[in-house]
Amino acid sequence: SSRSLRNNAEKFEFQAEVSRLMDIIVNSLYSNKDIFLRELISNASDALDKIRFLSLTDKEVLGEGDATKLDMQIKLDKEKKILSLRDRGIGMTKEDLIKNLGTIAKSGTSAFVEKVQSSGDLNLIGQFGVGFYSVYLVADYVEVVSKHNDDKQYVWESKADGAFAISEDTWNEPLGRGTEIRLHLRDEAQEYLEESKLKELVKRYSEFINFPIYIWASKEVDVEVPADEDDSGD
Ligand SMILES: CCNC(=O)[C@H]1O[C@@H](n2cnc3c(N)nc(I)nc32)[C@H](O)[C@@H]1O
């Protein structure tokens, strides 16, 4: 998308290793782009596991009302061409967003990057803890909105061009707790706004997931206009 990062946001450079991996992903000819959803569902499931584990010893962490429902929601916004996956997991603080989405901790990752450089096979990306970046197979601009019990709600954003930005979130609806990944889909990835495609992918990738996954589709934009009745009738 042509948009630039929010101008009053705090800007950061990706760790060099991360930038390199993102360049490989953005330019990769890897054809199985569906894997981005598997990686997002997996990360959301881990986040839900974390808050559920904490709630076993302290019910308070679950909050009340909707925040107590440990689930995932996929929203298909055909108008804005945004696919979003929201979880009510433990959520990320501002520092979590900077560290977790801007750097790679695992050492094995450079080995993975070497391998992908030659093989082009991204399928194992999740096993190196960097599955999140596969979102750039289908999106050119990604926002991660997150709310952790210990912090305010923040937005992380990036176009995979070496930089990312963090802003305090004063415009999105409050999440209560958890994370929403908002994918601004590339023109060639519009199939991921179709319910039938998403239902098929969720079925394929949720086999071992212990949380419900709901799919919401926004109203159709191009409302079918009934063809003019021919005026042969009287
Ligand atoms: C980009 C590589 N880093 C990650 O994917 C990390 O970001 C964090 N992450 C990604 N999606 C997340 C998510 N939905 N919830 C939470 I809490 N943390 C998430 C986790 O720490 C992952 O290990």
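This is a predicted model: local features need pLDDT of at least 70, side-chain atom pairs count only at pLDDT 80 or more; totals for chains, interfaces and linings use all residues.
By class, 14 nonpolar, 10 polar and seven charged residues make up the lining of the largest pocket.

Rolling a probe the size of a water molecule over the atoms shows where empty space is left. For the largest pocket, the volume comes to about 790 Å³. It is lined by 31 residues, and those closest to its centre are Asn43, Lys50, Met92, Asn100 and Leu101. Which elements each supply at least two residues of the lining? They are the helices α2 and α3 (94–102) together with the strands β3 (82–87) and β7 (178–185). Helix α2 gives the most to this lining, with eight residues.

Helix α2 also takes part in a helix packing. Two packed helices are described by the angle between their axes and the distance between the axes. Helix α2 covers residues 35–57, and its partner here is helix α5, residues 195–205. The angle between the two is about 55 degrees, and their axes lie 10 Å apart. The crossing in which α2 passes α5 is right-handed. On the α2 side, the contact is made by Ile35, Leu37, Arg38 and Ile41, and on the α5 side by Leu198, Leu201, Val202 and Tyr205. Sorted by class, the contact of α2 with α5 has seven nonpolar residues, one charged residue and no polar ones.

Helix α1 spans residues 16–27 and helix α4 spans residues 108–119; they pack at an angle of about 25 degrees, with axes 11 Å apart. Why is α1 described as roughly parallel to α4? Angles under 35 degrees count as roughly parallel, so the angle of about 25 degrees makes α1 roughly parallel to α4. Here α1 passes α4 in a left-handed crossing.

The residues that meet in this pair are Glu17, Arg20, Leu21 and Ile24 in α1, and Thr109, Ser110, Phe112, Val113, Glu114, Val116 and Gln117 in α4. By class, the contact of α1 with α4 has five nonpolar, three polar and three charged residues.

Methods:
Residues are numbered from 1 along each chain as its sequence is written. Side-chain values use heavy atoms; hydrogens and water are left out. Axes are lines fitted to C-alpha atoms, for helices over the stretch in contact, and angles run from 0 to 180 degrees between N-to-C directions. Helices (H or I, at least four residues) and strands (E, at least two) are DSSP runs, numbered from the N terminus. A crossing is left-handed if the near helix is turned anticlockwise from the far one by less than a right angle, and right-handed if clockwise. Contact means heavy atoms within 4.5 Å. Ala, Val, Leu, Ile, Met, Phe, Trp, Tyr, Cys and Pro count as nonpolar, Asp, Glu, Lys and Arg as charged, and the others, Gly among them, as polar. On a 1 Å grid over the protein atoms alone, a cavity is a set of points where a 1.4 Å probe fits but cannot get out, and a pocket is an open set with protein on both sides within 12 Å along at least five of seven lines; lining residues have an atom within 4 Å of a point. Grid points are joined across faces, edges and corners, and a volume is the space filled by probe spheres set on the points. Angles under 35 degrees count as roughly parallel, over 145 as roughly antiparallel, 65 to 115 as roughly perpendicular and the rest as oblique.
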